[in-house]
2 protein chains.
Amino acid sequence: MTDCKFANDADVIAFARDHSGVFQAGANLGVEEIGDGNINFVYRVFADDGTSVIIKQALHYIRIIGEGWPLSQDRIRIEAEALMQEAEYCPDLVPRVYHFDANRSAIVMEDIGAHENLRHALIARADLPVLAEQLGRFTADTLFHTSDLYLDAHRKKALVARFINPDLCKITEDLFFLDPYCDHERNNVNPLLWGEAEALWHDAPLKLEVARLKYRFLTCAQALLHGDLHSGSVFVCTQGTKVIDPEFAYFGPIGFDVGSLLGNLLLNYAGQAQLPGTDAERAAYQAWLLQVIRDFWTTFAHRFAGLMAAETRDPSLNLPLYHEAFLAEVLADTIGYAGTEMIRRTLGLAHVVDLESIEDGQQRALAEGLVLRLGRSMIMQRERLGSIDALIALVREH
Amino acid sequence: MTDCKFANDADVIAFARDHSGVFQAGANLGVEEIGDGNINFVYRVFADDGTSVIIKQALHYIRIIGEGWPLSQDRIRIEAEALMQEAEYCPDLVPRVYHFDANRSAIVMEDIGAHENLRHALIARADLPVLAEQLGRFTADTLFHTSDLYLDAHRKKALVARFINPDLCKITEDLFFLDPYCDHERNNVNPLLWGEAEALWHDAPLKLEVARLKYRFLTCAQALLHGDLHSGSVFVCTQGTKVIDPEFAYFGPIGFDVGSLLGNLLLNYAGQAQLPGTDAERAAYQAWLLQVIRDFWTTFAHRFAGLMAAETRDPSLNLPLYHEAFLAEVLADTIGYAGTEMIRRTLGLAHVVDLESIEDGQQRALAEGLVLRLGRSMIMQRERLGSIDALIALVREH
């Protein structure tokens, strides 16, 4: 394993100067470490004239833990290649990659500093008028164009091989589908929710459906997923959206990406009820969130259907009846994976600020209990709901 | 592309002597070309004392066509590695690999000359008392042990990458799932069946289900399949079975392998009605074939269930309810893929001697019509049948 860590600020600056192509010759450059993630090192290199780039470096271990938790450096190659793949279809929705350096395990990319983390924006009840459309377009366009519906069979299989991503997939396999359904030491359970958690660990019908979803995650190579599409991987401003951090990218079920976003919107929905503000403010934002969910799915489904109709290359898959059935299956997966995201963010290792910022344990338990029950219903009913409106009605019932 | 073709008999003999380890030093060796396949070169090298080996060589084109039809030589590496993988679980059911030589694109392996091709044995109404049990064991043991139920997540994904097999998969993708469902120039249709063929090409509900099965073939990386498990890839004698030629191996849906065998048994069943012999002989052999089908599935399902109960490593997949659901899904896939095998052997490019040996076109059309209608029913009803006995009842109805 190479230790290619930048030696000092000058090293980072020289690397940015050599590999970005954005700075004026002789410009005076500064650097700051901005990594608020846990796994990698992230630097911002900037010039006096406002020009800047981001450098992301992956070492052979997890940043906040150190060499005791090794992690393949191949993840940074996968992230760079996934960003470039996504940019083929949605260049406006991902940071531009200026350079990927395999020896340094580093990407030099566009600074999207004008955007803020979607999770924080939702907690602050930001109005994001283009969010639903842009997320729908991102998922439809990246997922359709990396599927067998569009890609030549050889090209698809070559991509599957390039995006074999066992280290990062294993994290999802465990944290989404294993830990929350048993009394695992990695879990993080609100003591006030212990009864509900214990009931869930013995819920055989639920565990059957989660096993099905896990097996699809393990075996169903439908399209190149982002693979970690929670609100923390989306950056927003009023006019635009940037999707970052696809280091979990691999070929998996389309509904996993779409469902991860949906689940995060519902996590925020559940948290809103206990966040500060007037009842009217809460209710208005929750209504807006449900509208975002509807518009996000509708945009995704309409674009995906349009792409299937216009660009499916394999004639044996280019059948209107099949396209309908395909989207119905993606909706079922989406609802199911959203449910697993909601449950793992409540009982599992990694919680979300949307709920964690509710300081009072009782109130947090109320929101968490709602998430658990809604997540369970979504997993159990995913094949019966049949429409985004039926899902929204289910949310309103809870 | 390397042209590593053996220059002459002496070259083949020297290669066998150097790489098999089975011949006495100084033994006098002879060679004969025995390739009755169409794609590769196959030689038998033998000593006076009866010792012999098989050498299989894959060139960068199809043997009977020549350089005009290129085909990746990687197929011989895949065959060698698949044989070795299968030997880990069923050493008695595959020819032993003595040596694989990547530079020569050649495998030196055990001579299974005492066995005959299963297709010919079935046409000759051979009694094969261990066939059903051995095919059930082969499929259960090879497929379970290369699935996510058994393999560590990293190991599974590394194997998926090693068995990416686009050239050979493309042949199946086209010949099974595309050609037979349209008026394709590669098709080979009995003129007396033209009306039924045309009806099938416009059968939208059938084409929907075939699209679903094709998409599972493209995306569903459940286990390392043999990938070409028709009766011509199985060699038999009274005491034993050898499964050969896994050059189509890749990670796909378990039911594709099981269904390929099932479909070939049913193709023979349909052909029996028009083959020479008394009515009583025909009826007895058809009854035996249905018993083989029942015993084959039952052995597969019992062994697979036993392996799931005893050796599933992932606790989140180790649930009795999930194991039941898993086998139900494999049965549905099995019946569906068997149906596609039956239809493609009737309308598609590559027919089977079980039906082609019926010289009278009218009589052949009767058998082919039965195959088409039964194949269609199996595809359409695969998720509803629910048991092997229900399938056998369906066969009897036709």
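Two residues are in contact when heavy atoms lie within 4.5 Å. In the predicted model described here, residues 24 or more positions apart account for 71% of those contacts in chain A that have a separation of 6 or more.

The secondary structure of chain A consists of 14 helices and 12 strands. The radius of gyration of chain A is 21 Å, close to the 21 Å given by the globule rule for 398 residues, so chain A is as compact as a globular protein of that length. Along the principal axes, the C-alpha atoms of this chain fill a box of roughly 60 × 55 × 40 Å. Of the 398 residues in chain A, 63% are buried, a class defined by a relative accessible area under 20%.

The surface and the charges of chain A were also computed. Chain A carries 56 negative and 35 positive side chains. The centres of these two sets of charges lie 3 Å apart.

Chain A also forms an interface with chain B, to which chain A contributes 37 residues and chain B likewise 37 residues. Between them, the two chains bury about 3,300 Å², with 71% of that area on carbon and sulfur atoms. On the side of chain B, the residues that lose the most area to chain A are B:His154, B:Lys157 and B:Tyr215. Together, B:His154, B:Lys157 and B:Tyr215 account for 20% of what the chain B side buries.

Notes. Residues are numbered from 1 along each chain as its sequence is written. Chains are lettered from A and ligands numbered from 1 in the order in which they are written. This is a predicted model: local features need pLDDT of at least 70, side-chain atom pairs count only at pLDDT 80 or more; totals for chains, interfaces and linings use all residues. Side-chain values use heavy atoms; hydrogens and water are left out. Helices (H or I, at least four residues) and strands (E, at least two) are DSSP runs, numbered from the N terminus. The radius of gyration is taken over C-alpha atoms; the globule rule is 2.2 Å times the number of residues to the power 0.38. Buried means under 20% relative accessible area, exposed over 50%, partly exposed in between (1.4 Å probe, protein chains only). Lys and Arg count as positive and Asp and Glu as negative; His and the chain ends are not counted. The place of a charge is taken as NZ of Lys, CZ of Arg, CG of Asp or CD of Glu. Buried area is the accessible area (1.4 Å probe) that two parts lose on being put together, summed over both.
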